[in-house]
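Please find below a short note on the model under review.

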Amino acid sequence: MRRKSIVRRLAIAGAATLALAGASLAVASPAQATPADCTSLLAAQGYGGVEYGLACTLGDISYTLCATPLGVLGVPPLTADLACRLAAA
């Protein structure tokens, strides 16, 4: 009788572990953004060119190295913020 109780508990624990592992895979974080995502966002907003691509590439190193040049290039602050966050992600 005691052995059946232990087996049952192990089965329940195993099922719970598998359920949690499956749930973890289902809510795994999406792929990380890249400087190319930054460049694509800017191009979609009408800001395309080598300067913008360079700012996005620098954004992979530092958010500030992306946001400052984009501000100088006349990109609106909210657009620059979003693009640089994509580059730095």
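1. Cys-66 belongs to helix 4 and Cys-84 to helix 5, so the pair ties together parts 18 residues apart in sequence. Helices here are DSSP runs (H or I, at least four residues), numbered from the N terminus. The S to S distance is 2.1 Å.

2. This is a predicted model, in which local features need pLDDT of at least 70 and side-chain atom pairs count only at pLDDT 80 or more, while totals for chains, interfaces and linings use all residues. Residues are numbered from 1 along each chain as its sequence is written, and side-chain values use heavy atoms, with hydrogens and water left out.

3. The whole structure holds 2 disulfides. Cys-38 is joined to Cys-56, with S to S 2.0 Å. With a torsion of about -65° about the S-S bond, the disulfide of Cys-38 and Cys-56 is left-handed.

4. Within helix 3 (residues 50-59), the residues Tyr-52, Gly-53, Ala-55, Cys-56 and Gly-59 are buried, that is, under 20% relative accessible area with a 1.4 Å probe, protein chains only. Val-50 and Leu-54 are exposed (over 50%) on the face turned away from the buried side of helix 3.

5. Thr-79 is placed in helix 5 and is buried, at a relative accessible area of 16%. Beyond its neighbours within four places in sequence, Thr-79 is in contact (heavy atoms within 4.5 Å) with Leu-41, Leu-42 and Gln-45.

Definitions and conventions. Helix = DSSP H or I, 4+ residues; strand = E, 2+ residues; numbered from the N terminus. Disulfide = S-S within 2.5 Å.
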